[in-house]
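Please look over the sequence and the model before reading on.

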Amino acid sequence: MKFFIDTADVNEIREAASWGLVDGVTTNPSLIAKTGRPYAEVLREICDIVDGPISAEVVATEAAAMLEEGEKLAKIHRNIVVKCPLIIEGLKATRAFAKRGIRVNVTLIFTPLQALAAAKCGASYLSPFIGRLDDIGQDGFQIVEQMIQILSNYDYPAEVLVASVRNLTHLMRAAEIGADVATVPFAVLKQILHHPLTDMGLERFLADWRKTNQKI
Ligand code: E4P
């Protein structure tokens with residue numbers, strides 16, 4: 001499973017990339033707003049740090065305007081993947097982008113049939129928001145499982161990108177069901193690497209080693 005980092009904070013991206021864990025990046029308007037910086041500038045910086053798909057979201061809600069915005073975003077770097085919301089206009093834009101060879105990440109997916117529709121329109125990535133489904137008392141992963149099952153019946157090239165990941169359990173389940181990608185906030189990515197028994201074990205090994213008075 002590929003790990004994307006779900007942030008527009010370049011310091012977080014730089015640090016996580018240095019661990020070798022970042023295959024790509026997803027941003028959204030809320031994450032960009034948090035940085036307080038110009039979108040294009042942030043995207044350029046991200047593209048310099050990570051050599052992988054970088055999702056940049058349009059904010060227009062009509063296909064023609066989405067195409068204009070997406071074209072601008074795609075020109076920033078060859079790794080930019082335009083993110084369109086799953087609305088009718090977003091799917092029209094997705095089809096048009098796909099024809100122009102511009103990859104699209106269809107975002108805000110909450111049902112398997114929405115995912116199928118986006119795949120049919122030529123999306124490269126399908127982003128189900130599992131955390132937000134959990135928030136309203138639904139099982140986000142049941143929906144992802146159904147999506148994967150449905151897509152396995154056909155030959156669409158779209159990859160399932162599990163989004164709105166809030167914790168390690170989400171990440172585990174994404175890997176267990178064979179999602180292609182999970183996009184993960186920095187804090188959760190960091191948690192993957194930590195376990196108290198790892199820290200205690202290392203401390204004990206090093207204490208015992210010191211007693212030997214040897215050097216390697
Ligand atoms: C995905 O591309 C989105 O940016 C993201 O995963 C949304 O997560 P949230 O529901 O925690 O805001």
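Q: How many helices and strands are there in the chain?
A: The model shown here is a predicted one, and its elements can be counted along the chain. Both kinds of element occur, and the count comes to 11 helices and 8 strands.

Q: What percentage of the residues of the chain count as buried?
A: A residue counts as buried if its relative accessible area is under 20%. When this cut-off is applied to the 216 residues of the chain, the share that counts as buried is 46%.

Q: Among contacts between residues at least 6 apart in sequence, what percentage join residues at least 24 apart?
A: A contact here means heavy atoms within 4.5 Å. Taking those contacts in the chain whose residues are at least 6 apart in sequence, the share that joins residues at least 24 apart is 57%.

Q: How far apart are the mean positions of the positive and negative charges of the chain?
A: The chain has 23 positive and 26 negative charges.

Q: Which residue around the ligand has a side-chain N or O atom 2.6 Å from an oxygen atom of the ligand?
A: The residues around the ligand include D6, R132 and R166. For D6, the distance from a side-chain N or O atom to a ligand oxygen is 2.7 Å, while for R166 the corresponding distance is 3.0 Å. The residue with the distance of 2.6 Å is R132.

Q: What percentage of the accessible area of the ligand does the protein cover?
A: On its own, the ligand has 340 Å² of accessible area. Of this area, the part that the protein covers is 86%.

Notes
Residues numbered from 1 in each chain as written. Predicted model: local features only at pLDDT ≥ 70, side-chain atom pairs only at ≥ 80, totals over all residues. Heavy atoms only, no water. Helix = DSSP H or I, 4+ residues; strand = E, 2+ residues; numbered from the N terminus. Buried < 20%, exposed > 50% of the residue type's maximum accessible area, 1.4 Å probe, protein only. Lys, Arg positive; Asp, Glu negative; His and termini not counted. Charge placed at Lys NZ, Arg CZ, Asp CG, Glu CD. Near = heavy atom within 4 Å. Polar contact = N/O pair within 3.5 Å; in protein donor to acceptor, adjacent residues only side chain to side chain. Areas by Shrake-Rupley, 256 points an atom, 1.4 Å probe, with all protein chains shown as cover.
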